[in-house]
Amino acid sequence: MQALYAQLLVGLINGSFYALLSLGLAVIFGMLNIINFAHGALYMMGAFVAYFLLNLGGINYWWALLLAPIIVGIFGMILERTMLQWLTGLDHLYGLLLTFGIALIVQGVFQNYFGSSGLPYAIPDQLKGGMNLGFMFLPVYRGWVVIFSLVVCIATWFLIEKTRLGAYLRAATENPTLVRAFGVNVPRMITLTYGLGVGLAALAGVLSAPINQVRPLMGADLIIVVFAVVVIGGMGSIMGSIITGFALGVIEGLTKYFYPEASNTVVFVLMVLVLLVKPTGLTGRAA
Amino acid sequence: MTALTDDTLPATPRSIRDEMIVFVVMALLLASVPFTGVYPFFVMQALCFALLACAFNLLIGYGGLLSFGHAMFLGTAGYCSAHALKVWALPPELGILVGVAGAFVLSLITGYISIRRQGIYFSMITLALSQLLYFIYLQAPFTHGEDGIQGIPQGRMFGLFDLTKPTVLYYVVLVGFLAGFLLIFRIINSPFGEVLKAIRENEPRAISLGYRTDQYKFLAFVLSGTLAGFAGALKVFVAQNASLTDVHWSMSGEVVLMTLVGGLGTVFGPVVGAFVIIAMQQYLAGFGQWVTVIQGSIFVICVLTFRRGVIGEIAHYFRRSL
C-alpha cells in the first residue's frame, strides 16, 4: 500500500504541473488564439531562473517562487510585443509554428550551455524532511507542491471568473472590438494575459526544480503530454483545465503502480478514447 | 479564418504546363547528379525528405491540416521495412511494400482519430499520437529500443539492380521520389484535389455544396500518411538503419520547417525546402545544438516575414503557379 500512496502522490504532483500548464495554455488561447508551443520551454526557464537566482545571486527558493514567474513573464511579454502580436488575423497555425520556433531557440541555447544533464536544486530548509501520516510517509516538499499549486489554480480561477479584471478579460475574449470601444486597452490586456500564462508555467518550473532537477529539455516532452491533457479537457473552461490536469496526473500515478509499462502512454491512450467517445473533449464546446 | 495561401491561382492548362516544364527540368537535374561529383548520399537523403515533405504538404497546403506527427509514418514504415528486410530477409521491393503497408494501416487508424477535431486541435492530436507511438517503439522488442535496427541488407531490387552500388541505389531512390511526386501532383490537380482546396478555403461552404468534407480530409490524410511511409521505406535503403530519431517529434518539426521554408501549398516548395534544410544540417553539423537554435530562428523568421516560402515568393513575383 505504501507504494500505491507514493505513486498517487507522484501523480498528484505531475497533475499539479499539468493543471498549471494547461491552465496557462487555456488562458493564452482564449485571448490570443494561439497555442503556445513555447510553454514547455518557458516552464524550463522558470526552473533555470530559480537556479541562477540561488547560485549566482544567493536568492533563496521563496523569493525565486515570486521572482522567477515575474522575470519569465516579462520575457514572455517581450515575446508577445515583438513577435506574437504580428500574427493577429492570420491562421491559428502560424501561432503554433512561431511558438514552436521560439521553443527550439530557447531550448537550444540552454542545451548549448548546460548540456542535457540535470542540475541539482536543493529543497529549501523549511520544507525538508517528512511527516508520518499513519498510512504513509509524506515528504513535506511534495505535499507543499500539491497544496500550493492547488491554491494558485484556484486563485487564477477566481481572478478570471469572479473579479472585474477577469470580466474584462472574458469580454475581450468574446469580442475584442466591442471591449475596445468601451475604452479598455485590449492590446495591453493581451500582453498581460500572455505574461500571466507564461508566469504560471514558470511557477510550475520553480516548483518542479527540487523534484525533477533542472534540465534544458525538462519541458520538451512535458508540453506534449499537456497538449493531450488540453485535448481531453477542452480549453473552454478554466475549472475544467484544473480538474482534468489533476485527474490525469492521478490516473498516471495509478498506472505507474498497477501497470508501469503504460505509465508513459496512458494519457495519450485516454486522449484517443475521449476523442472516440466525445470528440469535443470533456468540457469543450464544438470548435 | 484566413487562408494559408493569400493568392491562389486556379489550375489552368497554362499553370499545369508551367509546372510540368519545371518538373522535367528538376528530373533532368536530379538525374545528372551522379555525373557531377556531388555526394550522392546527401542527395538521396534529401530526396527521401523531399518526398516526405511533399506528402506532408498535401495535407497542409491543400487540405489546410497541419500534422505535427508526420514522423510517425516515416518511422513506422522504416521499422516495418527494416524488419522485413533483415529478419524476414525479403527482397527490397517487398520490403518497401511492407513499409508502405504499415504506414497505410497506421494512417487509417490515426486519421480516423485525429480528423474528428479541426485546426489547432488536429495538430495537437497528431503530435500526441506520434508521441504515443514513440513510447510504444521505445519499449517494443522488435525495434531494439535505443539501438534501432542496424545493418540492414540492401539486396537486389527485382533481382536485377544491386542496391549496394551507390549509383544504382541513387537511381532507384530517384525513380521512387519522382513517382511519388507525380502521384501527389496528379492528386492535387484531380477533382479530388480541387474539392480539398475548396475545403481549405472555406469548409462551411464546401459542406453546404454537399461535399462530405470529413471523408475528403480522411482520404487526404491516408494518402499523405501512406506516401510519407513510402519516403520512410526508401530512407531505410539509404541510411541502412531504422531508429527512434525518425519517430521523434523533432523530426515532425523538421518536416514542417522544410515545407514552410519552401512554401506551403506550392508544388515544388517542399522539395526546395528539404534540400535547404538537409544541406544546412550537413554544413552545420559541427555546431552542435546551435543547429536547433538556427532551425528555431528560421521558423520565427519564416512565420513573421516570409510566409510564402522560397517557391511561393518566386511564384508570386512571376504570377505563376509553381
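**Helix packing and the A/B contact**

Me: How does α5(A) pass α10(A), left-handed or right-handed?
Reply: In this predicted model, α5(A) crosses α10(A) in a left-handed way.

Me: Which residues make that contact?
Reply: From α5(A) you have Cys153(A), Trp157(A), Ile160(A) and Glu161(A), and from α10(A) there are Ile238(A), Met239(A) and Ile242(A). By type, the residues of this contact split into 6 nonpolar, no polar and 1 charged.

Me: And what's the angle between helix α5 and helix α10 of chain A?
Reply: About 165 degrees, with the axes 9 Å apart; α5 covers residues 140-162 of chain A and α10 covers residues 238-258. Because of that angle, α5(A) counts as roughly antiparallel to α10(A).

Me: Switching to the chains: how many residues does each of A and B put into the contact?
Reply: Chain B puts in 38 residues and chain A puts in 38 residues.

Me: Which helix gives the most on the chain B side?
Reply: α5(B), with 14 residues. Helices α5 (119-139), α10 (249-262) and α12 (290-305) of chain B each supply at least two residues there.

Me: How does the chain B side divide into nonpolar, polar and charged?
Reply: It has 23 nonpolar, 13 polar and 2 charged residues.

Me: What about the largest nonpolar core, how many residues has it?
Reply: It has 198 residues, and those with the most contacts inside it include Ala228(A), Ala128(B) and Val173(B). Helix α2 (residues 40-63) of chain B gives the largest share, 17 residues.

Me: What is Ala128(B) in contact with, leaving aside neighbours within four places in sequence?
Reply: Ile224(A), Phe227(A), Ala228(A), Val231(A), Phe268(A) and Met271(A).

How values were computed:
Residues are numbered from 1 along each chain as its sequence is written. Chains are lettered from A and ligands numbered from 1 in the order in which they are written. This is a predicted model: local features need pLDDT of at least 70, side-chain atom pairs count only at pLDDT 80 or more; totals for chains, interfaces and linings use all residues. Axes are lines fitted to C-alpha atoms, for helices over the stretch in contact, and angles run from 0 to 180 degrees between N-to-C directions. Helices (H or I, at least four residues) and strands (E, at least two) are DSSP runs, numbered from the N terminus. Angles under 35 degrees count as roughly parallel, over 145 as roughly antiparallel, 65 to 115 as roughly perpendicular and the rest as oblique. A crossing is left-handed if the near helix is turned anticlockwise from the far one by less than a right angle, and right-handed if clockwise. Two residues are in contact if their C-beta atoms, placed from the backbone, lie within 7 Å. Ala, Val, Leu, Ile, Met, Phe, Trp, Tyr, Cys and Pro count as nonpolar, Asp, Glu, Lys and Arg as charged, and the others, Gly among them, as polar. A nonpolar core is a set of buried Ala, Val, Leu, Ile, Met, Phe, Trp, Tyr and Cys residues joined through C-beta atoms within 7 Å. A residue is buried if 20 or more other C-beta atoms lie within 10 Å of its own, exposed if 12 or fewer, and partly exposed in between; C-beta atoms are placed from the backbone.
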